[in-house]
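Here's a quick tour for anyone meeting this structure for the first time. Have a look at it, then read on.

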Amino acid sequence: MPKNTKNPLLTGWITSPTKSPVIVPDDVDHGTDWVNLRVDLDPSSIDLSSPIWTVNHNGKVPDPEVVYDCCYAKIPFGETTVETKIYIDSMRLYMRFNPSTALYGKSKSILPADALQPLVGKLLDECYEHFSPAFDHLDEQGTISRDPTWADKVWISRLDCARNLYISDPFRFKKAIEAATPRNKKTKYVYESGVDGWGVVNKTKTVGQERVYDKDVELSLHDADEILAETQGTCFRFETQLQSDRLDKFNLRRLSDVTSESVWKAIEERWNDCRWNVTFAEPGTTAKAIQHLSPGDKTGLLGYLGKHQLGFADEITESAHRKYGAIAKKLGLIPGLPLEAMGAATQVADIFAGRVVDLKP
């Protein structure tokens, strides 16, 4: 998405200058996806008798004889729908939507992080007929003004940060991602959808999850109006869903905190924590990969790999599994594959580049 976009939802968007040492890729294939927001409302601005309000997510019409704790509405915005919920006592509004879909529809395009604040501002503008936030003010002449620090008063409970990767050898990439073990033993599962849909998820109970999946297949399954043939390779999407403590860790609790630098820092760190910066070997170069090991470690590692290949893995001791499994993983050698099919790592899935690149010598 060019930065001089004429999309009316982003009128006035200007990329903020870099304010930190975080280096951000200069392409447009990274940014923000799903977001959950909280805004305090002006109680006088809401007409709860309006037909847009229901008493559950399924559209149940309120009973005029009943006092409800909260009301719901689904508000069209751009190419998507914003799910809203108001708690009556506190006059707090919760909004959930996908800003990338709002702007681009169902596509590979990702909303730039610096564009999220003006997009939410546009959303609030379009909601004036239903409600207005407490940081907007109406003067005696009927002119509405917005507090200059309004974005400090919009709170985030979930933010998805995303990055596209273009992979020329999708089969090899998927197998390497599936074999990667995330740090801290998160719940991990591989899923398939439709004919060729694929993804891997690393999930926690409370602070969010990460997933990488075949975006091209997902778009084809949804009949998206998008050209799927990529000269760069198959498009895979990495998404990190930040909640709770992770929002605090990356300083992303408020809308004003969302910048290209803070979002990219989260993307890069969560990718590496999943250990999806997988390496790829040059077949037939196992000797080159292990040449720096001591003679004893060479013998031990070759025995470890050989037993795996021949089906004797149950004979490997726990201590040997720990030692030689770690060495094999570090060198990019995969237990179970023939020695002649493995070798020295020559490439790596690079999240910054958004593709597989050659390792530096």
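## Helix H6

Helix H6 is mostly covered, with 10 of its 14 residues buried (buried means under 20% relative accessible area, with a 1.4 Å probe and protein chains only). Among those buried residues are Val-263, Trp-264, Ile-267 and Trp-271. Helices here are DSSP runs of H or I with at least four residues, strands are runs of E with at least two, and both are numbered from the N terminus.

H6 covers residues 260–273, and its end C-alpha atoms sit 20 Å apart, which agrees with the 20 Å that 14 residues should span (the expected span is 1.5 Å times one less than the number of residues). After H6 comes Arg-275, with a positive phi near 60°.

## About the model

This is a predicted model: local features need pLDDT of at least 70 and side-chain atom pairs count only at pLDDT 80 or more, while totals for chains, interfaces and linings use all residues. Residues are numbered from 1 along each chain as its sequence is written, and side-chain values use heavy atoms, leaving out hydrogens and water.

## Thr-84

Now over to strand E3 (residues 80–87), where Thr-84 lies. Is Thr-84 buried or exposed? Thr-84 is buried, with a relative accessible area of 3%. Its side chain reaches the backbone oxygen of Ala-73 at 2.8 Å.

Leaving aside residues up to four places away in sequence, Thr-84 touches several residues, including Trp-53, Cys-71, Leu-93 and Met-95 (contact means heavy atoms within 4.5 Å).

Definitions and conventions:
Buried < 20%, exposed > 50% of the residue type's maximum accessible area, 1.4 Å probe, protein only. Polar contact = N/O pair within 3.5 Å; in protein donor to acceptor, adjacent residues only side chain to side chain.
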